[in-house]
Amino acid sequence: MVKIYILLLLVMLMWGLNLSALKVLVDAIDPMLLTSFRIMAAGIVVLVICAVMGIFRLPRKHEWLVIFYIAIFNVVLHHSFVAVGLNLTSGINGGLILGMMPLVTVMMTVIILRQRVTWLRVSGFILGFIGVVVTTLTGADGLAAVSLGDFIVFLAVVVQGFSFVLISKLKPTFDPRLATGYMLLLGSVFIFILSQAFGSGIQEITYLLDWKLGAVFLFSAVFASAFGHMTYNYAIKKVGPAEAALFINMNTLFGIIGASIFLNEVITISHVVGFIFILSGIFIGTGAVEHMLLKWKKRGT
């Protein structure tokens, strides 16, 4: 079990640093075009790994429909919104807003799946919302500090949360790691078509021939996207969603630290206060606190 926790911590480190990597990449290359190639590379890597592991097979006809349906929200919309949003906001703000992912996912299950929620979790929702407000609305410019990028990144969180609900309702009948590879590959094709529809110059992808940008791209595609998603899905099966969700909190922490180190962005008091509220909201709102209390009660009996 310790090995799984170490792997999860490693994935969160890569996902957090990936925000800075994406910020660097989208400043040099059209966000939609970049995302299509990055996700396509990740999908190919995942399928190759699945083949090496001996779990590769072609989806059946009804499975293709499930993959397509989920890929629209989980890959096409989510990754497109992240790429475009990060191009219009700071890495720190983007990291903090993306840190709302576990909380938004729980809210989606309450609204769509009609799951019951305790007052303790409701307080977590409120704390998380306050955290986002503090992060995006306070600062030198006050209300003017809110950017379109902040809103677009939040949309990325919403569609990703909705995709998790779809996955819970429409579970694929084959290994989720293999399904992840197909979703990434299929989604990348649609994102590429969208990039061309919006006039992205495909020649911009040649910028990746620069060894620095190329190295950042490989880290983002191979390690953060391909290895990260496969490992996280595997960990959920081993330790359960509640404990795995706790590690997502570290994603936010590594994200803002990475933005400070690699992008030279300043971490303000507002960011720190906002992070504390968001972190508290995630722990309470996702049921992590209730899960821990239940474990302690069982150990005490």
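**Reading cavities, salt bridges, rings and cores**

Guide: Let's start inside: L22, L34, T35, R38, H79, V82 and A83 line the largest cavity. This is a predicted model, where local features need pLDDT of at least 70 and side-chain atom pairs pLDDT 80 or more, while totals for chains, interfaces and linings use all residues. Residues are numbered from 1 along each chain as its sequence is written, and side-chain values use heavy atoms, with hydrogens and water left out.

Visitor: What counts as a cavity, and what volume does the largest cavity have?

Guide: Rolling a probe the size of a water molecule over the atoms shows where empty space is left. Here a cavity is a set of points on a 1 Å grid, over the protein atoms alone, where a 1.4 Å probe fits but cannot get out; lining residues have an atom within 4 Å of a point. Points join across faces, edges and corners, and the volume is the space filled by probe spheres set on them. In this model there is 1 cavity of 30 Å³ or more, and the largest cavity comes to about 30 Å³.

Visitor: Which helices supply at least two residues each to its lining?

Guide: Those are α2 (31–53) and α3 (61–88); helices are DSSP runs of H or I, at least four residues, numbered from the N terminus. The lining splits into 4 nonpolar, 2 polar and 1 charged, with Asp, Glu, Lys and Arg as charged, Ala, Val, Leu, Ile, Met, Phe, Trp, Tyr, Cys and Pro as nonpolar, and the others, Gly among them, as polar.

Visitor: How many salt bridges does the whole structure have?

Guide: There are 3, each needing a side-chain nitrogen of Lys or Arg within 4 Å of a carboxyl oxygen of Asp or Glu. R57, R60 and E63 are linked in a network. E63 reaches R57 at 3.1 Å between the closest N and O atoms, and R60 at 3.4 Å. Elsewhere, D175 meets R177 at 2.9 Å, N to O.

Visitor: Is E63 buried or exposed?

Guide: Buried means under 20% relative accessible area, exposed over 50%, and partly exposed in between (1.4 Å probe, protein chains only). E63 is buried, because its relative accessibility is 2%. R57 at 26% is partly exposed, and R60 is partly exposed too, at 48%. D175 and R177 are both buried.

Visitor: How should I read the aromatic pairs?

Guide: A ring pair is described by the distance of the centres and the angle of the planes. Rings of Phe, Tyr and Trp (its six-membered ring) pair if centres lie within 6.5 Å; planes under 30 degrees apart are stacked, over 60 edge-to-face, and the rest tilted. This model has 7 aromatic pairs. One of them, F73 with F162, is edge-to-face, at 4.8 Å centre to centre and 75° between the planes. F73 sits in α3 and F162 in α7 (residues 148–169), so the pair ties together parts 89 residues apart in sequence. F162 is partly exposed, at 23%. Ring pairs also link F56, W64 and Y182 into a cluster.

Visitor: Which residues touch the most other members of the largest nonpolar core?

Guide: They are V82, L96, L98, M100, V157 and I278, out of 25 residues. A nonpolar core is a set of buried Ala, Val, Leu, Ile, Met, Phe, Trp, Tyr and Cys residues joined through side-chain atoms within 4.5 Å. Elements giving two or more residues to this core include α1 (2–28), α4 (91–98) and α11 (269–285). The biggest giver is α5, with 5 residues.

Note on methods: 1 Å grid on protein atoms, 1.4 Å probe; cavity = no way out; pocket = protein on both sides within 12 Å on 5 of 7 lines; lining within 4 Å.
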